[in-house]
Amino acid sequence: MGALHGTTGFYKSPSSKGLLTATLLSSFALNFPFQQYRHYFWYNPHLIVEKQQLWRIFSSKVAYLDLKDMCCCSILMYYFRIFERRYGSRKFLSYMLSTAIISTALELSVIYLLQHLQIKLQPLPSGPLCMLYPLFIPYYCEVPRVVFGHIFGIPMTGKSFHYILGLQIASTSKESILVAICGLLFESSPPKDLEKPIGATREIQRQEHMEHMEQQLLWQTFQQQPQQNGWFNLNRDQNNGPGMFGNGLNNDVFDNEPDEGQELFGVRHRRHNQDDNPVEVSEDQVQHLIDMGFNEERVRNALQISNNDISSATSVLLQES
């Protein structure tokens, strides 16, 4: 299988590259050689409301004045470049701009409300957080959740690290929480022409489709063929199908260790045909696997190798991909 997140780097994501580069350079400059100018970039509610320094609304979005925020947000922005690849640069920029404007408007509304209620706020975190937090909405809704393991009973997925980074940024102070809430409250719909789940890239969409089709094929084989000589024995999960994808295999699924020439892929595959004569493959099974996106020649070879067993052939094709 290909990499889950497609081509590495900023392939087809120039806007993400430009935004990340600009914020990193400005943040380094204001944190090291030009520290004397940091006060021009404070996101200070008192100065904005009472002294009408509205230009701070824009200057405060230029750079991260906290190095921790700079590191965490840079990692998130690098990962969220997958949305630009999916939407296209123009639609991605439109989405980012609209969410930034509305999130900032929500922040200012809350600031004015709290000032009216005489609740004092410290300076809010600086940096383009108004662009970053809204991206967690499509990230949660559209990027697949794949569980890799559990820690103290809590499922850990490929998305957990990015959620932890977001919580780390938001948990610095009550002002950070305010900015995070304003960004997450606004949910802008992604471009309408994207009907398929994002799956991060075409590769992961194909992987999910193959796994789903393989699960169906395994379960069809289990239903159509009775258990013979102990070579096929799966537990059925009422919701998720066969045991490999549901309840899992029992410890005593197989009476003996697999013999040489046999493979273990959720079920014990049949022995390869030992005759010199080639196996006559089923045209229906060939067409079924071709419809899944495999090459016809590879499909026929896989069916011959697996003695015309479609589940075994699917395993061979997936391992070769």
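Good morning, colleagues. Please keep in mind throughout that we are looking at a predicted model.

I begin with the aromatic side chains. The structure contains 15 aromatic pairs. One of them joins Phe34 and Tyr37: the ring centres are 6.3 Å apart and the planes meet at 45°, so this pair is classed as tilted. Are these two residues buried or partly exposed? Phe34 has a relative accessibility of 42% and therefore counts as partly exposed. Tyr37, with a relative accessible area of 40%, is also partly exposed.

A further pair is formed by Phe83 and Tyr87. Here the ring centres lie 5.9 Å apart with the planes at 40°, so this pair, too, is tilted. Both residues belong to helix α5, which spans residues 81–87, and because they are four residues apart there, about one helical turn separates them. Phe83 and Tyr87 are each buried.

Which residues make up the aromatic cluster that includes Phe83 and Tyr87? The cluster consists of Tyr79, Phe80, Phe83, Tyr87, Tyr95, Tyr133, Phe136, Tyr139 and Tyr163.

Lys159 lies over the face of Tyr139, at 5.2 Å from the ring centre, and Tyr139 is itself one of the cluster residues. In the other case, the charged end of Arg81 sits over the ring of Tyr78, 3.9 Å from the centre of that ring.

Finally, I come to an annotation. The unreviewed UniProt entry assigns the label "transmembrane region" to residues 92–114. What does the model show over that segment, helix or strand? The chain there is 100% helix and 0% strand. From one end of residues 92–114 to the other, the C-alpha atoms are 33 Å apart. Tyr95, a member of the aromatic cluster, falls within this annotated range.

Thank you for your attention.

Definitions and conventions: Residues are numbered from 1 along each chain as its sequence is written. This is a predicted model: local features need pLDDT of at least 70, side-chain atom pairs count only at pLDDT 80 or more; totals for chains, interfaces and linings use all residues. Side-chain values use heavy atoms; hydrogens and water are left out. UniProt positions are given in the numbering used here, feature names are shortened, and annotations may be inferred rather than shown by experiment. Helices (H or I, at least four residues) and strands (E, at least two) are DSSP runs, numbered from the N terminus. Rings of Phe, Tyr and Trp (its six-membered ring) pair if their centres lie within 6.5 Å; planes under 30 degrees apart count as stacked, over 60 as edge-to-face and the rest as tilted. Buried means under 20% relative accessible area, exposed over 50%, partly exposed in between (1.4 Å probe, protein chains only). A charge sits over a ring if NZ of Lys or CZ of Arg is within 6 Å of the ring centre and within 35 degrees of the ring normal.
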